[in-house]
Amino acid sequence: MSGDAAEALVATRLSRGGWTILGTNVRVGRGELDIVAVDPGPPAELVIVEVRWRGSRAFGLPEESVDWRKRRRLREAGFGLVEIGSFPDGRTVPRLGVRFDLVLVEPAAAPDPELRIRHHRNVLGS
């Protein structure tokens, strides 16, 4: 599975959960947001979702790959999108509270054939 496939899987799961997917791989300046969505809540929130895929835990947990630099870039791009007020294609960004989530996708643990997906909400404490 690639990072793009993991993002598509996460976007599909969120959509099935009632979320509205506003964009994937959204470019904001020099940054990129994996998924921008609306969590219907309550309360409804604009959610910037960072997706991490790891093929194994040989180099640690996927959570450990989100260091302070990545958190800073994520925050800058997310709030930059809100400040600009529109997506690159011209659609308006909803005026909602902003939250940053982290969704991790890992291979199945034997004998379970399902991928392991963990969703951490409000990882930046925005």
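I started with helix H2, whose buried residues pack against strand E1 (20-28), strand E2 (31-39), strand E3 (45-53) and strand E4 (97-106). For me, contact means heavy atoms within 4.5 Å. Helices (H or I, at least four residues) and strands (E, at least two) are DSSP runs, numbered from the N terminus.

Before going on, a note on the source. This is a predicted model, where local features need pLDDT of at least 70 and side-chain atom pairs count only at pLDDT 80 or more, while totals for chains, interfaces and linings use all residues. Residues are numbered from 1 along each chain as its sequence is written, and side-chain values use heavy atoms, with hydrogens and water left out.

**Entry: helix H2**

I looked up the span of H2: residues 68-84, 17 residues, reaching 24 Å from first C-alpha to last. That is close to the 24 Å expected at 1.5 Å a residue (the expected span is 1.5 Å times one less than the number of residues).

Next I listed its buried residues: Lys70, Leu74, Ala77, Gly78, Gly80 and Leu81. Seen down the axis of H2, they fall within an arc of 160°, so they line one face of the helix. The arc is that of the directions from the helix axis to the C-beta atoms. Buried means under 20% relative accessible area, exposed over 50%, and partly exposed in between (1.4 Å probe, protein chains only). On the face turned away from the buried side I found the exposed residues Glu76 and Glu83.

Then I checked the ends. Asp67 caps the N-terminal end of H2, with a side-chain oxygen 3.2 Å from the backbone nitrogen of Arg69. I note the rule for such a polar contact: a pair of N or O atoms within 3.5 Å; within protein, one must be able to donate a hydrogen and the other to accept it, and residues adjacent in sequence count only if both atoms are side-chain atoms. Just after H2, Gly85 takes a positive phi of about 90°.

**Entry: the sheet**

I traced 5 strands in an open sheet, ordered E1-E2-E3-E4-E5, with mixed pairing. Two strands pair if DSSP finds at least two bridges between them. The edge strands are E1 and strand E5 (116-120), each pairing on one side only.

I went to E3 next. It has 8 of its 9 residues buried, so it is largely enclosed by the rest of the structure. E2 and E3 pair in the antiparallel sense over 5 bridges; Asp39 has Glu45 of E3 as its bridge partner, and Val38 stands opposite Leu46. E3 and E4 pair in the parallel sense over 9 bridges, and here Glu50 stands opposite Leu102 in E4.

The hairpin of E2 and E3 has 5 residues between the strands, and Gly41 in the turn has a positive phi of about 70°. I found two cis peptide bonds to note in this stretch: Gly41 to Pro42, with omega near 15°, and Pro42 to Pro43, with omega near -10°. I wrote these down because most peptide bonds are trans and most residues other than glycine have a negative phi.

Asn25 also has a positive phi, about 50°, although it is not a glycine. Asn25 is found in strand E1 and is partly exposed at 31% relative accessible area. Asn122 likewise has a positive phi, about 55°; Asn122 lies in the segment after E5.
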